[in-house]
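Keep the sequence beside you as you read.

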Amino acid sequence: MNTVCVDGKNISPSKIICVGRNYVEHIRELNNEVPDELLLFVKPNSAISTELASFHQEVLHYEAELSFLYEKGRFSAVGLGLDLTKRALQSELKTKGLPWERAKAFDGSGLFSSFVYIEKISRDLNFKLTINGSLAQSGHIELMMNSPEQILTEVSSFMSLEDGDIVMTGTPKGVGEIQQGDRFELTLFDEGAELIKAAWKAK
């Protein structure tokens, strides 16, 4: 089983629950409709990787996301993730009204920073993604259409979460294509203080 690091301890999530279309500006940039209810899909444990790929059967796109680790009925830790996407395939699947897993749940489609334990979810959590030193994405918890608490309530209403599962809360505007050799750097902030930093070089 693949693992993520939580305060120096390795944990194996059984699954990753992902929220789609949770930032209005991202919905607009992809010309999507605002969903009437929470849009969810799942990545398996096999999607977790430590290597950032630029290609998997087709060119890949990046989506940076605030992510939470579930334990004992609550979100106990926070981190950052990259949701890698086969955008051309996803567009084709959406046109046909088919599920997205082929475009979203393939091996290597989820990368994560380390996670840090939290007592409560701060309303000032925000993050940025830079690529080769230039700002590509920035997100803030207050810009989400559905808060982490709302997401957890909705998911728990129909799906059992296991300790160690991860919930990715959606991506802000600025998604794009991954180029081989690009250096990605994700940084999480809370009230101006840096909590987490992670970096990858695309292969």
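Is Leu84 buried or exposed? Leu84 counts as buried, because its relative accessibility is 0%. Buried here means under 20% relative accessible area, exposed means over 50%, and partly exposed lies in between, with a 1.4 Å probe and protein chains only. This is a predicted model, in which local features need pLDDT of at least 70 and side-chain atom pairs count only at pLDDT 80 or more, while totals for chains, interfaces and linings use all residues. Residues are numbered from 1 along each chain as its sequence is written, and side-chain values use heavy atoms, with hydrogens and water left out.

Leu84 sits in the loop between strand S8 (74–83) and helix H2. Helices (H or I, at least four residues) and strands (E, at least two) are DSSP runs, numbered from the N terminus. Leu84 and His56 are 28 residues apart in sequence. In space, their C-alpha atoms are 9.8 Å apart.

Now follow the chain into H2, residues 87–96. Arg87, Leu89, Gln90 and Leu93 are its buried residues to look at. They lie on the same side of H2, because they cover an arc of only 155° around the axis. The arc is that of the directions from the helix axis to the C-beta atoms. An α-helix has 3.6 residues a turn, so residues three or four places apart point the same way. Turn to the other side of H2, and Ala88, Thr95 and Lys96 are exposed. The cover over the buried residues of H2 includes strand S6 (61–62) and helix H3 (101–104). Contact means heavy atoms within 4.5 Å.

Glu92 also belongs to H2. With a relative accessible area of 40%, Glu92 is partly exposed. Its C-alpha atom is separated by 9.6 Å from that of Ala103, 11 residues apart along the chain. Just after H2, Gly97 takes a positive phi of about 70°.

Asp7 has one of about 50°, in the loop between strand S1 (4–6) and strand S2 (9–11). Asn132 has one of about 55°, in the loop between S11 and strand S12 (134–140). Asn132 is partly exposed, at a relative accessible area of 49%.

Next come the rings. Rings of Phe, Tyr and Trp (its six-membered ring) pair if their centres lie within 6.5 Å; planes under 30 degrees apart count as stacked, over 60 as edge-to-face and the rest as tilted. By this rule there are 4 aromatic pairs. One of them, Phe41 with Trp100, is tilted, at 5.7 Å centre to centre and 55° between the planes. This pair links distant parts of the chain: Phe41 is in strand S4 (residues 39–44), Trp100 is in the loop between H2 and H3, and 59 residues separate them. Phe41 counts as buried at 6% relative accessibility. Trp100 counts as buried at 13%. The pair of Phe68 and Phe75 is stacked, because the ring centres are 5.2 Å apart and the planes meet at 20°. Both Phe68 and Phe75 are buried.

A charge also meets a ring. Lys86 lies over the face of Phe106, 4.6 Å from the ring centre. The rule asks for NZ of Lys or CZ of Arg within 6 Å of the ring centre and within 35 degrees of the ring normal.

Helix H4 (residues 148–156) has buried residues too: Pro148, Ile151, Leu152 and Val155. An arc of only 100° around the axis holds them, which puts them on the same side of H4. Their cover includes strand S3 (15–20), S4, strand S7 (64–71), S8 and strand S13 (166–168).

Finally, look inside. A nonpolar core is a set of buried Ala, Val, Leu, Ile, Met, Phe, Trp, Tyr and Cys residues joined through side-chain atoms within 4.5 Å. The largest has 40 residues, of which Leu52, Leu66, Leu82 and Phe184 touch the most other members. S3, S7, S8, strand S11 (126–131), H4, strand S15 (183–190) and strand S16 (193–201) each give two or more residues to this core. Apart from it lies another core of 15 residues, among them Val4, Phe112, Phe115 and Ile166.
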